[in-house]
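Here is a short briefing for a first look. Start with the sequence and the structure.

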Amino acid sequence: MSVFYFVAFLSVFFALMTIFTKNPVHSVLYLVITFFTFTVHYILLNAQFLAVVNFIVYMGAIMVLFLFVLMLLNLNKDTEPLKSNLVKFMGVIAGMCLVVTLAGSFRALEASESIILKDPDIGLVGNLGRVLFSEFLLPFEISSILLLTAMVGAVLLAKNDPKKA
């Protein structure tokens, strides 16, 4: 249980570093570390599929995209507009909500008994694949056709028409 509390502390710490860092590139890198701690949480919960999806999709694809966009925007202090008093006021309210949430969670913190699962293999990838390809085969195939159609549409929209050039 101490591993959980350590990783939870790291999650909150790096999430706060994401918010309070002035440099946007550093903020994105702290968000990547925060997502990595979420992956560790998924592993502790015996949800290997969610851990792998979080690792590949969020850390590997979306956060790299955010990082490239931030580097292409070239945000400087000169180009960043000044924050209005309304934004600062909303930030103070959000900070107070965070403090109230943390105080409530520390107040409700107590030692509990460990949970014993009826089926310890419930979050494993093999069981997920078995259910996905037996009970949910039709929705899975329909979603794959939908994704294939979207990909073909994106390629056709991005393709230059030689007749117009």
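Contact means heavy atoms within 4.5 Å. This is a predicted model: local features need pLDDT of at least 70, side-chain atom pairs count only at pLDDT 80 or more, and totals for chains, interfaces and linings use all residues. Residues are numbered from 1 along each chain as its sequence is written, and side-chain values use heavy atoms, leaving out hydrogens and water.

**Ser 11**
- Leaving aside residues up to four places away in sequence, Ser 11 touches Thr 34, Thr 37, Phe 38 and His 41.
- Ser 11 sits in helix α1, residues 2–20 (helices are DSSP runs of H or I, at least four residues, numbered from the N terminus).
- Ser 11 is buried, at 7% relative accessible area (buried is under 20%, exposed over 50%, partly exposed in between, with a 1.4 Å probe and protein chains only).

**Helix α3**
- A kink of about 30° is centred on Met 63 (the bend is the angle between axes fitted to the seven residues ending there and the seven starting there).
- Buried residues of α3 are Ala 51, Asn 54, Met 59, Met 63, Leu 67 and Leu 70.
- These buried residues pack against α2 (24–44).

**Aromatic rings**
- Rings of Phe, Tyr and Trp (its six-membered ring) pair if their centres lie within 6.5 Å; planes under 30 degrees apart are stacked, over 60 edge-to-face, the rest tilted.
- The count comes to seven aromatic pairs.
- Phe 14 and Tyr 30 form a stacked pair, 6.0 Å centre to centre with 25° between the planes.
- That pair links distant parts of the chain, with Phe 14 in helix α1 and Tyr 30 in helix α2, 16 residues apart.
- Phe 14 is buried at 16%, while Tyr 30 is partly exposed at 23%.
- Phe 9, Phe 13, Phe 14 and Tyr 30 make up one aromatic cluster.

Note on methods. Helix = DSSP H or I, 4+ residues; strand = E, 2+ residues; numbered from the N terminus.
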